[in-house]
Amino acid sequence: MTQMTARPRVGLMWQPADGVGARNRDLAALAGAGLDHVATADHVSFRDGSGRDGLIDAAGLLASSPLSVYVGLYLLVLRHPVLVARQLSTLAESAPGRLVLGVGVGGEDRHEVEVCGVDPGTRGRRMDECLTVLRALLAGGPVTHHGRFFDVHEASIRPTPSPPVPLVVGGRSEAAVARAARSGDGWLGIWVSARRYAEVVAQVCDLAGEAGRDDVQWRHGLNVWCGLGIDRADAREHLAAGMSTMYGLPFESFERWSPYGTAEDVAAFLAPYVDAGARDLNLICPGPDRSAVLERVAEVRRLLLDR
């Protein structure tokens, strides 16, 4: 099984700004700081109705910057795989090799799934079918699949993305880990210890080998909320406020997996994940001073690469 050298790619999660001009200035600053990519999320109607479409967002980001875009993660289970394959084909034509798609079933808000007409209890099985159809379409098709959730006959999507768009499977359950091994180009973790991350990477490798997938160029990733400030107290304040607002839970529920402090503190926390095989690090860093956050993320990247 092929393993990639643990040299991380570090990106910052996009914070939507007011107006195209503000977005373009922020993206120019990201590229100028030497970051490897910009990350974006995907929600249809999260909690109070918030969200943005991950692939539409990716299209705007790819058009506005030379940076790669990492969608992490996209609620694939809420979409039809033929339509998603067409979206990926179109994006790959305009920005070949610059898109990574992290996919998952969602889990923090069951109502978001229900309002899309999907039974939350069927998400896992639906995702398995969706990935089967999507990967086959992206490999060139034509695809015939008669399943419980999707029924397609001789479907084709051309042109196929070249180079291929990596499909990285997120989720902390054993089912998600097995799905990453069977159908993914990597595993995307969140809220997990470095020790557990290393265990999952090894487990994915073993399960993929058992499934006859011996030539995967793994792109394991990590979404990680970070607080970056002048000191630990300052960094924790901004991180706690951002996460509590997002999830409606006390920060203590997430604190052990969410580093905060100076760039040196955060880099030291992330280093074991890199050693465990994390190639793509998507940092989610709330804070009112975005330029300061950007400078500190760039320093985190430098520290990780210079080890």
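**Note on pockets and helix packing**

1. Helix 8 gives the largest share of the lining of the largest pocket, namely five residues. This is a predicted model, and the points below should be read as describing that model.

2. The volume of the largest pocket is about 1,200 Å³. Its lining has 42 residues, and those closest to the pocket centre are H43, F46, E108, M246 and Y247.

3. Which elements each supply at least two residues of the lining of the largest pocket? They are strand 3 (68-74), helix 6 (174-183), strand 8 (187-190), strand 9 (221-225) and helix 8 (232-247). M246 and Y247 are among the residues closest to the centre, and helix 8 spans 232-247.

4. Strand 3, strand 4 (99-103) and helix 5 (123-138) each bring at least two residues to the lining of the second largest pocket. The largest share, three residues, is from strand 3. Strand 3 also supplies at least two residues to the lining of the largest pocket.

5. By class, the lining of the second largest pocket divides into 12 nonpolar, four polar and seven charged residues.

6. Next, helix 6. Its buried residues are A176, V177, R179, A180, A181 and S183. What do these buried residues pack against? Their partners are helix 5, strand 7 (167-170), strand 8 and helix 7 (194-210). Of these partners, strand 8 also supplies at least two residues to the lining of the largest pocket, as does helix 6 itself. Helix 5 supplies at least two to the lining of the second largest pocket.

7. Now the pairing of helix 2 (residues 54-64) with helix 3 (residues 81-94). Their axes come within 11 Å and cross at roughly 5 degrees. Helix 2 therefore runs roughly parallel to helix 3, because angles under 35 degrees count as roughly parallel.

8. Which residues make this contact? From helix 2 come L55, A59 and L62; from helix 3 come V84, Q87, L88 and L91. By class, the contact has six nonpolar residues, one polar and no charged. An α-helix has 3.6 residues a turn, so residues three or four places apart point the same way.

Note on methods
Residues are numbered from 1 along each chain as its sequence is written. This is a predicted model: local features need pLDDT of at least 70, side-chain atom pairs count only at pLDDT 80 or more; totals for chains, interfaces and linings use all residues. Side-chain values use heavy atoms; hydrogens and water are left out. On a 1 Å grid over the protein atoms alone, a cavity is a set of points where a 1.4 Å probe fits but cannot get out, and a pocket is an open set with protein on both sides within 12 Å along at least five of seven lines; lining residues have an atom within 4 Å of a point. Grid points are joined across faces, edges and corners, and a volume is the space filled by probe spheres set on the points. Helices (H or I, at least four residues) and strands (E, at least two) are DSSP runs, numbered from the N terminus. Ala, Val, Leu, Ile, Met, Phe, Trp, Tyr, Cys and Pro count as nonpolar, Asp, Glu, Lys and Arg as charged, and the others, Gly among them, as polar. Buried means under 20% relative accessible area, exposed over 50%, partly exposed in between (1.4 Å probe, protein chains only). Contact means heavy atoms within 4.5 Å. Axes are lines fitted to C-alpha atoms, for helices over the stretch in contact, and angles run from 0 to 180 degrees between N-to-C directions. Angles under 35 degrees count as roughly parallel, over 145 as roughly antiparallel, 65 to 115 as roughly perpendicular and the rest as oblique.
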